[in-house]
Amino acid sequence: MDETERTSIRRTSAEEPRGEPMLHVLQVEDDSVAPARRAILGEIPLRIGRVEGNDLVLASSEVSRHHCSLVLQDGRAMVTDLGSTNGTLVDGRRIEGPTPLGHGTRLRVGPFSLTYLTGPRRALERAAEIERDLDRAARYVRALLPPAMVEGPVRADWRFVPSVSVGGDGFGYRTLPDGRFVFWLLDVMGHGLGSALLAATVMTLLREGGPPGTDPGDGAAVLGALDAIFPMERHGGLFFTVWYGAYDPATRALHHAAAGHHAAFLVEGGALRPVGTRNLPIGAGLSLGRPDAGAVPVPPGARLHLFSDGTFETLTPGGKQNGLSDFLPFVAAPPMPGVAEPDRILRAAQQMAGGAPFDDDVSILVLDFP
């Protein structure tokens, strides 16, 4: 090994070569604009707006035709609103004039979140490669999610918003041969590829029939078997929470069991009813055996809300930590005409977070029982 190789090995990510070119990047945190996910800033203004002809097109009615621009001035990024209708927000505050940006500053343009990043070229290129891996993992998990159900004894609709760093959310549902409808939502601890891949593995197992030798309509048996299959010492120290339900249309009974997961919420006649059981998370190191389970009647017209904790564990623009109790009034609120219920819940979650990107995956599953 020559001295050049030794030097390369000793160098850490924080020890970039002197004089390495710096990049100034605007990153769009939204899958729908993946072709323009990153834009490099320079001394020529980067214009952002709704219509073609802008350097970065963000197609939404909440974005003005020519919304804002960014430019480098003496090596520092500046953003200027171009008289947009809804304004440009920097870290949650509407700007009035040219505003400087620091590394990690978050912008809000209509419904879109953008992040300003700056650093040595190689550092940002390595970060971009990690981001691409996480994006592939998020797309893989999304490919496992079921289509919405608009007919039948149960109607199901959902929204899934992966976080910037990708968490470990997953959910699904299917109808058994005997007519029972089973569904679940799980949340693997942590973020990154490991969490996403474990979520995908469990989702696939449940989708393809569940743990061998168990009745998929028996939630307690399913969770007990999962705990035996996925001990955290054999899965990178990861464990997960899960809520599992089995609805019988013949009796209108919903059998349920949860492991480490907060309750689901049944809305009937304007009242909110928690549905859940208290058990340890799956794979946490203490055998679940057969966890506690429960059953509730489901009256006609009832609606069940099931969501991950990333939906409500957010920070307000003032830095206050939100919790489940802050979110439940939104769940209990009446439906909005012309707005799908998962969209209404997602908007409430975004409102609680002040429009900032979610730090954890957001999964929202809404079931209607005609």
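In strand β16, His255 is the bridge partner of Ala246. Strands and helices here are DSSP runs, numbered from the N terminus: a strand (E) has at least two residues, and a helix (H or I) at least four. Strand β15 covers residues 240-248 and strand β16 covers residues 253-259. The two pair in the antiparallel sense over seven bridges. Strands count as paired if DSSP finds at least two bridges between them. The model is a predicted one: local features need pLDDT of at least 70 and side-chain atom pairs count only at pLDDT 80 or more, while totals for chains, interfaces and linings use all residues. Residues are numbered from 1 along each chain as its sequence is written, and side-chain values use heavy atoms, with hydrogens and water left out.

Both strands belong to an open sheet of five strands, in the order β13-β14-β15-β16-β19. Pairing in this sheet is antiparallel. Strands β13 (168-175) and β19 (294-297) stand at the edges. Each has a single partner strand, so one side of each is left without a neighbour in the sheet. From one strand to the next, the twist averages 15 degrees. Helix α4 (residues 219-229) lies across β15 and β16. The helix runs at about 20 degrees to β16. Such angles run from 0 to 180 degrees between N-to-C directions, and axes are lines fitted to C-alpha atoms, for helices over the stretch in contact.

A further open sheet of five strands has the order β12-β21-β20-β17-β18, again with antiparallel pairing. Its edge strands are β12 (155-161) and β18 (271-275), and each pairs on one side only. The twist in this sheet averages 20 degrees from one strand to the next. Helix α5 packs on the sheet and touches β17 (264-268), β18 and β20. The direction of α5 makes about 150 degrees with that of β20.

Strand β21 has partners on two sides. Strand β12 pairs with β21 in the antiparallel sense over seven bridges. Within that pairing, Ala156 has Leu367 of β21 as its bridge partner. Six bridges join β20 (residues 302-307) to β21 (residues 362-369), and these strands also run antiparallel. Ala302 stands opposite Phe369 in β21, and Leu306 stands opposite Leu365. Strand β21 is mostly covered, with seven of its eight residues buried. Buried means under 20% relative accessible area, exposed means over 50%, and partly exposed lies in between (1.4 Å probe, protein chains only). In a regular strand the side chains alternate between the two faces of the sheet.

Helix α5 (residues 324-332) also packs against helix α6 (residues 341-352). Their axes are 10 Å apart, at an angle of about 150 degrees. The crossing is right-handed; a crossing has this hand if the near helix is turned clockwise from the far one by less than a right angle, and is left-handed if anticlockwise. On the α5 side, the contact (heavy atoms within 4.5 Å) is made by Asp326, Phe327, Phe330 and Val331. On the α6 side, Arg344, Ile345, Ala348, Ala349, Gln351 and Met352 take part. By class, the contact has seven nonpolar, one polar and two charged residues. Ala, Val, Leu, Ile, Met, Phe, Trp, Tyr, Cys and Pro count as nonpolar, Asp, Glu, Lys and Arg as charged, and the others, Gly among them, as polar.

Helix α3 (residues 193-207) holds Ala199. Ala199 is buried, with a relative accessible area of 0%. Not counting residues up to four places away in sequence, Ala199 touches Gly168, Asp169, Leu186 and Val188. Its C-alpha atom is separated by 9.0 Å from that of Gly167, 32 residues apart along the chain. Ser195 is buried, because its relative accessible area is 2%. Beyond four places in sequence, Ser195 touches Gly167, Gly168, Val188, Met189, Gly190 and Leu238.

The largest nonpolar core has 52 residues. A nonpolar core is a set of buried Ala, Val, Leu, Ile, Met, Phe, Trp, Tyr and Cys residues joined through side-chain atoms within 4.5 Å. Phe183, Leu186, Phe240, Trp243, Leu254, Leu304 and Leu367 have the most contacts inside the largest core. Another core, of 22 residues, lies apart from it and includes Leu26, Val28, Ile48 and Ile95. Over the whole chain there are six helices and 21 strands. Buried residues make up 48% of the 370 residues.
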